Amino acid sequence: MSMTSMVVLGLSIATVLLLLGAFLATMRQDRKGRTSAPPVEVAPIETPLPAPVSAPGHAGTDYTDPRTIRVGDRIEVHGSPRRVLGAMFVSWQGQQWVEYLLRDSARRFQWLSVAAHEGDTPHLEVQLWTDVPTQGMVPAKSTLVMEGVEFSPIERGTAAFRSEGDTGHPDRGLLDFADYRASDGRLLSFERIQGQSWTASYAQPLPPGSITIVRRAS
C-alpha cells in the first residue's frame with residue numbers, strides 16, 4: 001500500500017471515530033433529558049381575601065320583629081314554645097316599651113320586655129325576666145346586694161301603663177320601678193303596681209333572632 005493510501009485510510013478512520021463519538025454523546029444527552037424530572041412550575045403566592053363582614057340584621061326582614069308580637073300569639077324563645085297571655089304598654093318621660101306575659105309548656109310565667117331605643121345607634125332591647133325572691137326587700141336609692149351580688153342604681157320612676165289580655169293587673173294604672181346594674185352587666189329591676197308589694201326580677205338580654213312567632217292569634 002502506498003503512502004497516500006495509508007494517509008487517506010487514516011483520515012477516514014479518524015472521521016468515523018469523531019462521528020461515532022458525537023453520536024454517542026448525543027444519545028447520552030437525550031437519555032439524560034428523558035429520565036430527569038420535568039421542571040416544577042411554582043404558582044405565584046396570592047394574598048388571601050379578607051373574610052366577609054356580615055351586615056347587621058334587620059328586624060322584620062332577617063328575623064322576627066318582636067314589636068309585632070300580639071296577645072294570643074304562640075312564639076318560641078330559643079326554640080322553647082311560649083304562649084303570650086297579655087301585654088302591658090308602658091310609657092315614662094317620652095320612653096315607651098312593652099312587657100309581655102308568657103307561659104311555657106310547664107305553665108311557668110315570665111315577662112318579656114321589648115323597647116326601641118332611638119339616637120345615634122337605634123336598636124331594640126329585648127329582655128326575658130326571671131323572678132327572684134325579694135323577701136320583703138325594697139329598692140334602695142343606693143347600692144344594694146342581692147344573692148351576694150352588688151347592684152348600683154341606674155334609673156327609677158313612676159310610669160303609666162295600659163294592659164291588654166291577661167296580665168293580672170288593672171286595665172290602666174301606674175307602676176313604680178327601680179333598675180339596677182351589677183359590675184358584670186347583670187340587670188335587676190323592682191316593680192310594684194298601684195302601690196302593691198315590690199317584686200324583683202333579673203334580666204336576660206336576648207340577641208336578634210331568639211324569638212320566632214309560630215302562630216298568630218286569630
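Me: Hi! Let's start with Y202: buried or exposed in this one?
Reply: Y202 counts as buried, because its relative accessibility is 14%, under the 20% cut-off. Keep in mind that this is a predicted model.

Me: Thanks. How many aromatic pairs does the chain have?
Reply: The count comes to five aromatic pairs. One of them is F151 with Y202, which is stacked, with 6.1 Å centre to centre and 25 degrees between the planes.

Me: What kind of pair do F190 and W198 make?
Reply: An edge-to-face one: the centres of F190 and W198 are 6.4 Å apart and the planes make an angle of 75 degrees. F190 counts as buried because its relative accessibility is 0%. W198 is also buried, with a value of 16%.

Me: Which residues form an aromatic cluster?
Reply: W92, W97 and F177 make up one aromatic cluster.

Me: OK, zooming out. How many helices and strands are there?
Reply: The chain has one helix and 11 strands. Along the sequence the order is α-β-β-β-β-β-β-β-β-β-β-β.

Me: What share of the chain is buried?
Reply: Buried residues account for 30% of the 218 residues.

Me: And what share of the contacts comes from residues 24 or more positions apart?
Reply: Taking contacts in the chain with a separation of 6 or more, residues 24 or more positions apart account for 49%.

Me: Which strand gives the most to it?
Reply: That would be β4, with eight residues in the lining. Strands that each supply at least two residues include β4 (109-117), β5 (123-132) and β10 (199-205).

Me: How do β4 and β5 pair up?
Reply: β4 and β5 are antiparallel, with seven bridges, and S113 stands opposite Q127 in β5. The two strands form a hairpin with five residues between them, and G119 in the turn has a positive phi of about 115 degrees.

Me: What about β5 and β10, how many bridges there?
Reply: Six bridges join β5 to β10, and these strands run antiparallel. D131 stands opposite S201 in β10.

Me: Now some loops. Where is T134?
Reply: T134 lies in the loop between β5 and β6 (144-146). T134 counts as buried, because its relative accessibility is 12%.

Me: Which residues does T134 touch, skipping those up to four places away in sequence?
Reply: F190, W198, T199 and A200.

Me: Nice. Where does T167 sit?
Reply: T167 is in the loop between β7 and β8. At 8% relative accessibility, T167 is buried too.

Me: What is T167 in contact with, leaving aside neighbours within four places?
Reply: G86, A87, M88, L101 and W111. For A87, the C-alpha atom is 6.6 Å from that of T167, although the two residues are 80 residues apart along the chain.

Me: Last one: D184, buried or exposed?
Reply: D184 is exposed, because its relative accessible area is 51% and the cut-off for exposed is over 50%. D184 lies in the loop between β8 and β9.

Me: How far is D184 from F151, going by C-alpha atoms?
Reply: The C-alpha atoms of D184 and F151 are separated by 9.6 Å, and the residues are 33 apart along the chain.

Terms used:
Residues are numbered from 1 along each chain as its sequence is written. This is a predicted model: local features need pLDDT of at least 70, side-chain atom pairs count only at pLDDT 80 or more; totals for chains, interfaces and linings use all residues. Side-chain values use heavy atoms; hydrogens and water are left out. Helices (H or I, at least four residues) and strands (E, at least two) are DSSP runs, numbered from the N terminus. Two strands pair if DSSP finds at least two bridges between them. Buried means under 20% relative accessible area, exposed over 50%, partly exposed in between (1.4 Å probe, protein chains only). Contact means heavy atoms within 4.5 Å. Rings of Phe, Tyr and Trp (its six-membered ring) pair if their centres lie within 6.5 Å; planes under 30 degrees apart count as stacked, over 60 as edge-to-face and the rest as tilted.
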